[in-house]
Amino acid sequence: MIAKTACSDFLHFFRSWISNPLRVAAIAPSGDPLARIMTSEIAALDGPIIELGPGTGVFTRALLARGVSEADLTLIEYGPEFISALQSRFPTARLLQMDAAHLAEADIFEGEPVGAVVSGLPLLSMSPDKIAAIMAGVFTYMRPGGAVYQFTYGPRCPVPRPILDRLGLEAVRIGGTVRNLPPASVYRISRREPLELSRERLRYRKSEAEIDDITAFSNDAGG
């Protein structure tokens with residue numbers, strides 16, 4: 001039964017990749033070795049947990065194996081082709097079909113209750129603006145000491161350094177595996193120091209950035 005499910009998931013994932021390679025970004029679901037690394041620092045007491053881009057639920061199952069309650073999971077999935085299977089496999093988890101870049105204004109939690117975020121999103125195929133919106137959004141809900149766990153197929157953290165600096169974040173590589181298709185590394189992304197990212201600040205972030213750009217241009221021009 002497990003082998004049959006794994007084969008079905010591979011075919012499902014492969015078809016999704018064929019139809020939209022930029023959104024799915026991998027030809028197969030993440031493997032169990034990668035899932036164990038992604039969830040190795042998460043415990044049952046860290047719930048509630050947000051999972052971004054659960055796909056076929058590989059990381060979701062690993063979280064449950066770590067003792068996290070299914071009811072403590074909020075699954076954020078954009079791809080409609082994965083929704084039905086996720087609902088069937090994890091009926092007591094909260095499943096939201098939405099773009100993770102809109103988390104900040106979605107009000108999916110009150111306060112900052114989230115202990116960790118596990119991300120299967122293909123950040124390497126996303127624009128810097130979208131990556132920044134996703135990172136800023138998840139940290140509006142993160143409790144002090146919480147972290148985002150993000151994997152990548154690239155040689156470095158998929159969140160560019162300027163975005164980490166702007167949001168007051170740091171990234172540390174916590175492991176990797178060649179027993180994945182493709183081989184992958186895992187990063188823990190956390191606050192460098194306590195940082196309040198309110199929705200009001202996020203709302204005005206774009207206008208503040210524009211002011212900074214104008215000031216920099218003026219200084220360079222000698223104005």
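**Sheet architecture and nonpolar cores of the predicted model**

D46 lies in the loop between helix 3 and strand 1, where helices (H or I, at least four residues) and strands (E, at least two) are DSSP runs numbered from the N terminus. The model is predicted, so that local features need pLDDT of at least 70 and side-chain atom pairs count only at pLDDT 80 or more, whereas totals for chains, interfaces and linings use all residues. Residues are numbered from 1 along each chain as its sequence is written, and side-chain values use heavy atoms, with hydrogens and water left out.

D46 counts as partly exposed because its relative accessibility is 23%; buried denotes under 20% relative accessible area, exposed over 50%, and partly exposed the range in between (1.4 Å probe, protein chains only). Leaving aside neighbours within four places in sequence, D46 is in contact with E41, G115, A116 and R143, contact being defined as heavy atoms within 4.5 Å. The C-alpha atoms of D46 and V117 are separated by 10.0 Å, although the two residues are 71 apart along the chain.

Seven strands form an open sheet of mixed pairing in the order 3-2-1-4-5-7-6; two strands pair if DSSP finds at least two bridges between them. Strand 3 (94-97) and strand 6 (169-177) are the edge strands, each pairing on one side only. Strand 4 pairs in the parallel sense with strand 1 over four bridges, and I50 stands opposite V117 of strand 4. Strand 4 also pairs in the parallel sense with strand 5, over five bridges, with Q150 in strand 5 as the bridge partner of S119. The chain passes from strand 4 through helix 6 to strand 5 in a right-handed β-α-β crossover, that is, with the strands pointing away from the viewer, the path from the first strand over the helix to the second runs clockwise. Six of the six residues of strand 4 are buried. Strands 6 and 7 (residues 184-191 for the latter) pair in the antiparallel sense over eight bridges, with S190 in strand 7 as the bridge partner of E170.

The largest nonpolar core has 32 residues; such a core is a set of buried Ala, Val, Leu, Ile, Met, Phe, Trp, Tyr and Cys residues joined through side-chain atoms within 4.5 Å. Helix 6 gives the most to this core, with seven residues. Among the residues with the most contacts inside the core are M135, V159 and I189. Leaving aside neighbours within four places in sequence, V159 is in contact with L123, I131, M135, L164 and I189. A second, separate core of 24 residues includes I49, L63, V68 and F82.
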